[in-house]
Amino acid sequence: MKRLPPTATLCLCALSFIVGRFIQQIPGLPQVPQGAQVTVRRSEQPGRRLLPEEQVLKRSGSNSDKKATYSSFEEAVANSEQLQTRPPVEVTGSGLGSEAYLTQPFQHLSWYPRTYLFPGFLTKKQSEQVVAAAKARLAPSALAVRRTDDSSKQENIRTSSGTFLSGADDKHGVLRFIEDKIALLTGLPASHGEPFNVLRYQLSQHYDAHYDVFDPESYGPQSSQRMATVLFYLTDVEEGGETIFPLEGKDGLQRLNGLNYKSCDQGLRYKPRQGDALLFWSMHPNGTFDKHALHGGCPVISGEKWVATKWIRDRCFSNNCL
Ligand SMILES: *[C@@H]1O[C@H](CO)[C@@H](O)[C@H](O)[C@H]1NC(C)=O
């Protein structure tokens, strides 16, 4: 067989390279799943033993030869066998339930305080839409003032900029969507939620560890309390910007004495990933204040951090109660 001239060989190589690139870039092609990126630092407890099902999930997730075929959790469930054997049931009650499944994986991060991660709660586009809605109205963050606080000392506690947004402030309806979805996941109606507090943290900006509940001992009697908080991470952060729970863990309260509220060295840390939501409870099931729920935002070392906070009260917080 006659050998191809060098130019033809070169052209063929270039052509196959371009075709290869094209195939790579077709949207919707399988993505290799990312391994778990949550950094959970536990100072005292060894990790919980995995259930057999979790071990299987973990194995397939870390197998780099096996490509995930779906680009969303919904798609994966819709294409699984599960819906054929377990279709949604007919909703016969009148309690505003629905005949559709929502798909949202969750990861339990702690019982002290009760903390859950919802990976991929928002899409990239939804995250960007919330940032855009907030950008228009940024103002420096205010801080609740305790009776005994000296306002001149507050300047270095919270250094982000933020704004409040309600569902009506967003023409795309993303904020409304978030409110409805988180209400269904927590069982706490959307009417119990305060407006979103959207914050931007830039280089070295942070939020010292604090509580979201207003302890009546310090703040006086309260008509309602923030019983749960959901943090929506609207951007990835190159470095730093972790959310930290310095008193996390069964014996975490032992660290309360002499705690450095600026330190990010101890406790449970979550590194922001765009679209994830982190839920934690500030109250025990019996309605008392859970002191493990102390949390803060570590300084952003590189990049920018955008986060939306939803405080959920133990009473209806609007005039549109369920
Ligand atoms: C409420 O629950 C917490 C956590 O289980 C417990 O430590 C506390 O003693 C309980 N308080 C009351 C008043 O029942």
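The structure is a predicted model: local features need pLDDT of at least 70, side-chain atom pairs count only at pLDDT 80 or more, and totals for chains, interfaces and linings use all residues. Residues are numbered from 1 along each chain as its sequence is written.

The protein chain holds seven helices and 14 strands. Both are DSSP runs numbered from the N terminus (helices H or I, at least four residues; strands E, at least two). Of its 322 residues, 27% are buried. A residue is buried if 20 or more other C-beta atoms lie within 10 Å of its own, exposed if 12 or fewer, and partly exposed in between, with C-beta atoms placed from the backbone. Among contacts with a separation of 6 or more, 79% join residues 24 or more positions apart. Two residues are in contact if their C-beta atoms, placed from the backbone, lie within 7 Å.

In α6, the buried residues are Val174, Leu175, Ile178, Glu179 and Ile182. They fall within an arc of 140 degrees seen down the helix axis, so they line one face of α6. The arc is that of the directions from the helix axis to the C-beta atoms. An α-helix has 3.6 residues a turn, so residues three or four places apart point the same way. The cover over the buried residues of α6 includes α5, β4, β5, β7 (226-233) and β14. Just after α6, Gly187 adopts a positive phi of about 75 degrees.

Helix α5 (residues 124-135) has 12 residues and reaches 16 Å from its first C-alpha to its last, close to the 16 Å expected. Its buried residues are Gln126, Ser127, Val130, Ala133 and Ala134. These lie within an arc of 125 degrees, so they line one face of α5. The face turned away from the buried side carries the exposed Lys125 and Lys135. Elements covering the buried residues of α5 include β4 (161-165), α6 (174-186), β5 (196-201) and β14 (305-313).

Four strands form an open antiparallel sheet in the order β6-β12-β9-β10. Strands pair if DSSP finds at least two bridges between them. The edge strands, β6 (207-210) and β10 (268-270), each pair on one side only. Strand β9 (residues 243-245) pairs with β10 over three bridges, in the antiparallel sense. Phe245 has Leu268 of β10 as its bridge partner.

Terms used. The expected span of a helix is 1.5 Å times one less than its number of residues.
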